[in-house]
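This report covers a helix pair, a ligand shell and one further helix. Please have the sequence and the model to hand.

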Amino acid sequence: MALIAMVSAKGSPGVTTAALACTLSWSSRTLLAECDPAGGDILAGYLANSEIPPIGLLNLAVAELRGQADTTEFNKQIIDLDLKHPGYRHVLPGINDPVQIGTVRPVWPRLTDFFLGLEYKGPGYDVIADCGRLATSAPPWPLLHRADLVVLVVRATSLRAILPAIPAIGQLRKELTDNGRGAGSLALMLVGRGSEPASEIERRLQVPVLAELPEDRAAATALSDGIGRLRDSSPLLRAAAAAEPILRQAIEQRRARLTATRAGARG
Ligand SMILES: Nc1ncnc2c1ncn2[C@@H]1O[C@H](COP(=O)(O)OP(=O)(O)O)[C@@H](O)[C@H]1O
Ligand SMILES: [Mg+2]
């Protein structure tokens, strides 16, 4: 159980689609937290055919500002995505207008505490935070600093799509080193495949590739736009499910390293 932040450098490589694919396919209880400062996409996309009242991150932020963001309030702001197996897969819808980020921004640190604390609730959640693009004026840095993993989602179909990852990784490394617990949380998730193999992308970017999602138009359209049927057997959902143990292992290794470093520092 962990906090996993997913981001892109720029463009639309498929962060929301990948985050939702993980949320729907992992074996653990999952919460997709829509933290994209440009606005959430799930209500207008995957859940476009459902009648949902205006709930989500903004209300939780307002409750947090009033000191009332408790479990009862949180439960009012999330939507159960899997009515066949209730209680396992949820989404906290994001803001629906970028100006609302002004209300959310001051409480990112406390919302991050809240997300991190969900691990210890019985039963706990894995929180997958869709943090949108780094190339916005207001990425949710307090959350990125403290996430167990910061997964940069990169379209691997062409060099042109890969290159923006280079400055983004530089920025993330600096931020995580200066204000977080080091750049060891950084990882890549590749979407689609081009002429460069994952090992070459990993070598070039000097960040481990922990997951590769295939190009899968049908499943992606069902996830991003709510159009068509989503099959559990789709290549996209299967690849997202296969990524879970690898991401989890990376988190465990990093936590062990951080604990050893802390113990070493104590003496
Ligand atoms: N694995 C994939 N295969 C095919 N199309 C994809 C895949 N992932 C995302 N897409 C498509 O790319 C577009 C952008 O996806 P989205 O998840 O909204 O990107 P982002 O959140 O990075 O802006 C959508 O039309 C979506 O269906
Ligand atoms: Mg998105």
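At what angle do the axes of α1 and α10 cross? This is a predicted model. In it, the two axes cross at roughly 95 degrees and come within 9 Å.

## Helices α1 and α10

Two packed helices are described by the angle between their axes and the distance between the axes. The axes of α1 and α10 cross at roughly 95 degrees. Angles of 65 to 115 degrees count as roughly perpendicular, so α1 is roughly perpendicular to α10.

From α1, the contact takes T16, T17, L20 and A21. From α10, A220, L223 and S224 meet them. By class, the residues of this contact are 4 nonpolar and 3 polar, with no charged residue.

## The shell around ligand 1

Ligand 1 has 17 residues around it. S12, G14, T16, T17 and A220 come nearest. Two elements give two or more residues to this shell: α1 (15–25) and α10 (217–225). The most come from α10, which gives 4 residues.

The shell divides into 6 nonpolar, 7 polar and 4 charged residues. T16, T17 and A220 are among the residues that come nearest to the ligand; T16, T17 and A220 also belong to the contact of α1 with α10.

## Helix α2

Helix α2 spans residues 57–65. Its buried residues are L57, L58, L60, A61 and E64. Seen down the axis of α2, they fall within an arc of 160 degrees, so they line one face of the helix.

These buried residues pack against two strands, β2 (30–34) and β4 (89–92). They also pack against the helices α3 (71–77), α4 (101–104) and α5 (108–117). Just after α2 comes G67, with a positive phi of about 75 degrees.

Key. Residues numbered from 1 in each chain as written. Chains lettered and ligands numbered in written order. Predicted model: local features only at pLDDT ≥ 70, side-chain atom pairs only at ≥ 80, totals over all residues. Near = placed C-beta within 6 Å. Nonpolar A, V, L, I, M, F, W, Y, C, P; charged D, E, K, R; others polar. Buried ≥ 20, exposed ≤ 12 C-beta atoms within 10 Å, placed from the backbone. Arc of directions from axis to C-beta. Contact = placed C-beta atoms within 7 Å. Axes fitted to C-alpha atoms, helices over the stretch in contact; angles between N-to-C directions. Parallel < 35°, antiparallel > 145°, perpendicular 65-115°, else oblique.
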